[in-house]
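Subject: Structure handover

Hello,

Here is the structure you were waiting for. Please open it alongside this note, then read on for what was found.

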Amino acid sequence: MKVALFIPCYVDQFYPKAAIATLELLERFGLEVSYPKNQTCCGQPMANSGFEHLTKGCNNLFVENFSGYDYIVCPSGSCVMHIKDHLHTEESETAAQDIRNKVYELTEFLVDVLKIEKLEASFPHKVGLHQSCHGQRGLKLSQMTELMAAPFSKPGHLLSMVKGLELVELDRKDECCGFGGTFCVTEEAVSVKMGKDRVLDHERNGAEYITAGDLSCLMHMEGILKRRGSKVKIIHIAEILNHHLS
Amino acid sequence: MKVQDHAQAAAQFIKDEERTDWHDETLWFVRQKRDLAAHGIPEWEQLREWASQIKDHTLSNLSHYLESFEQKAIANGIRVHWAADGEEHNKIVHQIIADHDLKRIVKSKSMLTEECHLNEYLIQKGISVVDTDLGERIVQLRKEAPSHIVLPAIHLKKQDVSDTFHDLLDTEKGNNDPQYLTEAARQHLRDYFIASELAITGVNFAIAETGGFVVCTNEGNADMGAHTANVHIACMGIEKIIPKAEHLGVFLRLLARSATGQPVTTYSSHFHRPREGQEMHLVIVDNGRTRQLGRADFRNSLKCIRCAACFNTCPVYRRSGGHSYHTAVAGPIGSILNPNLDMKANADLPFASTLCGSCSNVCPVKIDIHEQLYKWRQVIVQAGYAPVSKKLGMEGMAAVLSSPALYHFSGKMGRTTLKYAPFLVNNGFNPWYKQRDMPAPPAESFGEWYQKNRS
Amino acid sequence: MNSRDRILQAAAENQPAQRDLPVIGFERLIRYDEPAVVFEQVLTKIGGQLVRVKNLEEVKKRFAEADQEKFCVDAIDCTEEDRLKIQAWKATDLALLHTLYIRGSFGVAENSAVWVDELAMVNRLLPFICEHLFIVLEEKEIVPTMHHAYQKTDVSRTGFGSFIAGPSKTADIEQSLVIGAHGPRSLTIYLIENDAL
């Protein structure tokens with residue numbers, strides 16, 4: 001099984017620990033993981049801002065870097081969703097389609113492909129799980145409250161395998177945190193208000209850590225937490241799943 | 001007068017944080033009522049699918065259904081008029097008023113008449129219309145626009161209503177009791193109903209098979225007007241057509257539950273023939289709808305049954321209020337309908353969203369709202385309505401991100417700047433920094449770590 | 001070309017390729033063991049009242065016992081002479097209409113709506129302008145859902161008809177529910193019970 005690691009641009013630059021945790025986690029399951037070193041970005045920030053027509057360069061680079069693998073795994077739901085929906089190239093559409101079929105967000109890869117049932121991880125803390133929207137509603141990583149349908153949660157399932165971890169129940173289970181790409185600066189007031197409300201929900205319900213599958217959400221909430229002088233910390237789910245008491 | 005764009009208006013709205021929280025919680029409560037109602041119908045998701053398919057079918061045969069509807073309606077004794085746009089709609093309504101020299105006019109809720117700015121048009125002709133839906137009457141008395149298509153006064157507290165009623169209806173100062181205030185409105189409007197000469201209503205559904213139409217209210221105001229006045233004008237957009245009466249079984253089960261969490265509105269009134277001695281008119285309006293019909297990516301927006309479930313679930317709408325959208329129909333559905341009406345004026349609306357997707361999943365007719373928001377962004381930028389600074393920023397970003405070397409360099413520069421000269425980033429020019437700390441810059445990127453430790 | 005033709009032409013040109021109508025499978029619909037019980041539960045929840053009676057005579061007796069000072073109308077099975085009188089009433093005549101008794105055709109369990117046509121109303125304005133509305137309904141005429149309702153009746157056979165569910169209401173002032181908006185302040189269903197076997 002040849003697996004390629006796709007690390008979102010801002011994770012690479014600002015949250016390398018989450019990327020390292022993702023790599024180590026996959027290696028724990030005996031996988032041979034490559035990291036195509038010329039990868040940059042999936043193109044989502046431009047596409048979501050209406051500049052999809054400027055993402056040709058990114059798309060070509062992506063296809064170049066990620067062709068020829070059995071699976072491409074990424075610790076970010078929104079980036080994976082973007083690739084699945086929008087990776088197209090004029091020159092190599094077959095390769096692009098192949099990649100779209102093989103790209104997985106981390107938790108869905110662990111649950112649906114590796115089908116893991118136990119983890120040697122321990123994280124004895126109260127944790128709030130933030131449901132990043134694109135992963136939840138786009139990739140169907142867990143059930144959304146809008147639908148009248150059976151509940152399920154892939155990240156929740158994985159967190160339940162972590163010793164000592166206590167998942168707190170939130171008042172609003174799946175409301176958006178307000179990051180939204182460039183929205184976070186173009187509609188700064190609404191974005192921050194949404195993030196603040198999200199953070200308060202976690203604090204109110206006793207979370208020591210807020211986790212999620214998307215560091216974009218976490219980066220936004222962390223910015224608010226730090227500004228408030230809050231004791232609550234953010235941590236990417238990969239770091240929890242890879243956490244061992246040393 | 002320059003209209004504020006959504007971001008500016010929203011920032012203003014949020015300044016009163018307590019009021020924003022109240023507005024947000026009130027609407028979230030309505031979303032929860034919808035959830036409760038939907039949970040009571042095991043076949044809820046199947047209903048949505050049927051509704052979606054019925055509307056898809058209808059749009060694919062719209063011209064046929066419009067023609068057969070007209071035929072049947074005329075046979076029923078209803079006078080049918082066609083209006084290409086809002087202006088023509090207003091002229092038609094005015095003509096009917098002028099022909100009969102009508103003075104006392106009541107109107108029940110019709111978002112279409114808001115869209116056409118009917119009230120303002122008639123005022124300029126010296127004709128005043130009394131809006132009879134309680135929420136609409138409240139905003140009319142306050143000279144405001146409604147902020148929600150189902151709950152027009154949702155942005156107002158009972159204190160606000162009490163103050164307005166005290167000023168204009170002579171109610172007790174400081175009496176905020178909703179029961180008391182509603183009773184005052186009942187008495188005040190009853191006189192208008194009894195004296196009415198013309199009743200203007202909207203249309204929730206127009207039945208092609210039978211040439212009749214359905215008007216849904218909780219208050220009974222549409223009926224109070226329609227059965228007192230000698231002239232009844234019903235206004236509808238072309239997309240209100242449904243093929244058969246039996247399809248109402250699907251739509252009436254979804255509408256109120258999606259809108260307010262009720263099993264059905266108090267009154268679902270089916271009009272087929274005018275009462276004896278009464279004139280019944282129907283104005284069928286296009287106003288950009290056929291143009292939207294021709295847009296493959298956006299035509300699904302015409303399936304809308306105006307329930308506002310998308311408004312109630314939208315985290316952005318709840319925290320910015322309907323007036324921030326500067327249009328008759330706000331919220332997520334407004335953001336995909338309005339750019340079709342005026343792309344330049346409404347270029348900001350599709351960007352007033354994080355694309356979270358909640359709206360699409362509460363929509364009873366399965367409009368892919370969040371996907372259309374994304375697509376409108378592309379159209380708007382291509383049409384040249386993106387701000388220049390954004391355009392330049394994006395072009396720069398694209399250049400950096402399509403070159404590994406430039407990307408690595410920029411990343412390192414960014415982290416270094418943050419580490420050694422944070423003041424360059426942490427200042428008033430950085431909108432992120434206004435209310436959030438920047439992420440701490442790590443010593444090395446993952447790529448650099450990988451280079452050192454794994455390759 | 002007038003607006004009508006332009007609109008129809010534009011619609012014909014712009015409409016998408018044919019999509020078929022779905023089949024509404026009744027086997028997918030919710031089933032109730034006791035539709036009348038559900039009907040009553042929903043009616044009560046939305047602010048209405050249900051009173052079980054044995055027959056129409058009981059209803060007529062209650063009407064006779066009603067407050068004679070107030071303007072009360074019994075439109076159930078009225079004479080032709082009364083019909084013409086009632087039909088001729090205008091809004092000004094009906095401003096003080098206090099109580100109205102009418103017949104409902106059938107009820108819908110899932111939302112406690114009752115279908116009333118203009119024949120039963122006699123005058124379309126009556127059920128909206130009265131202060132207190134009483135509708136007589138036979139228990140055996142309660143169907144489960146709106147789908148069943150549209151099977152049961154052809155709504156176009158009557159010039160005007162309405163599904164009436166509970167008393168008029170509004171929550172337009174800070175989402176506080178107030179019963180009694182512009183229509184009746186109360187709704188009572190007199191349910192004529194099925195014969196006990």
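Start with chain A. Its radius of gyration is 17 Å, which agrees with the value near 18 Å that a compact globule of 246 residues would have. One caution before going further: this is a predicted model. The C-alpha atoms of chain A fill a box of roughly 50 × 45 × 40 Å along the principal axes. Chain A has 13 helices and 8 strands.

**Inside chain A**

Domain 1 of chain A puts 25 residues in contact with 22 residues of domain 2 of chain A. Between them, the two domains of chain A bury about 1,900 Å², and 70% of that is on carbon and sulfur atoms. Three residues stand out on the domain 1 side. A:Tyr15, A:Met81 and A:Thr107 supply 27% of the area that domain 1 of chain A buries against domain 2 of chain A, more than any other three residues.

How many salt bridges are there between domain 1 of chain A and domain 2 of chain A? The count is 1. A:Lys154 and A:Asp112 meet through their side chains in a salt bridge, at 2.6 Å from N to O. The two domains of chain A also have 8 residue pairs in polar contact between them, with both residues at pLDDT 80 or more.

Several helices build the side of domain 1 of chain A that touches domain 2 of chain A. Those giving two or more residues are helix 1 (9-14), helix 2 (16-28), helix 3 (44-48), helix 5 (77-86) and helix 7 (106-113) of chain A. Helix 7 of chain A gives the most to this side, with 6 residues. By type, the residues on this side of domain 1 of chain A divide into 13 nonpolar, 7 polar and 5 charged.

**Chain A against chain B**

Now to the contacts between chains. Chain A brings 72 residues to its contact with chain B, and chain B brings 77. The area buried between chain A and chain B is about 6,300 Å², with carbon and sulfur atoms giving 61% of it. On the chain A side, A:Gln13, A:Met148 and A:Arg227 supply 12% of the area buried against chain B, more than any other three residues.

There are 11 salt bridges between chain A and chain B. A:Glu188 forms a salt bridge with B:Lys434, and the closest N and O atoms are 3.9 Å apart. Across the interface of chain A and chain B there are 37 residue pairs in polar contact, both residues at pLDDT 80 or more. Which helix gives the largest share of the side of chain A that touches chain B? Helix 11 (residues 188-204) of chain A does, with 9 residues. The residues on this side of chain A divide into 34 nonpolar, 21 polar and 17 charged.

**Chain B against chain C**

Of the 2 pairs of chains in contact, chains B and C share the most contacts. Here 95 residues of chain B are in contact with 70 residues of chain C. Chain B and chain C bury about 6,800 Å² between them, and 59% of that is on carbon and sulfur atoms.

The salt bridge count between chain B and chain C is 8. C:Arg4 and B:Glu70 meet through their side chains in a salt bridge, 2.8 Å from N to O. Between chain B and chain C, 43 residue pairs are in polar contact, both residues at pLDDT 80 or more. Helix 10 (residues 178-195) of chain B gives the most to the side of chain B that touches chain C, with 12 residues. The residues on this side of chain B divide into 42 nonpolar, 31 polar and 22 charged.

**Two last points**

Chain A and chain C do not touch. Their nearest C-alpha atoms are 14 Å apart.

Chain B has its own domain assignment: domain 1 (41-287) and domain 2 (397-453). The C-alpha centres of these two domains of chain B lie 55 Å apart.

Best wishes

Key: Residues are numbered from 1 along each chain as its sequence is written. Chains are lettered from A and ligands numbered from 1 in the order in which they are written. Side-chain values use heavy atoms; hydrogens and water are left out. Contact means heavy atoms within 4.5 Å. Buried area is the accessible area (1.4 Å probe) that two parts lose on being put together, summed over both. A salt bridge is a side-chain nitrogen of Lys or Arg within 4 Å of a carboxyl oxygen of Asp or Glu. A polar contact is a pair of N or O atoms within 3.5 Å; within protein, one must be able to donate a hydrogen and the other to accept it, and residues adjacent in sequence count only if both atoms are side-chain atoms. Helices (H or I, at least four residues) and strands (E, at least two) are DSSP runs, numbered from the N terminus. Ala, Val, Leu, Ile, Met, Phe, Trp, Tyr, Cys and Pro count as nonpolar, Asp, Glu, Lys and Arg as charged, and the others, Gly among them, as polar. The radius of gyration is taken over C-alpha atoms; the globule rule is 2.2 Å times the number of residues to the power 0.38. Domain bounds come from an automatic or database domain assignment.
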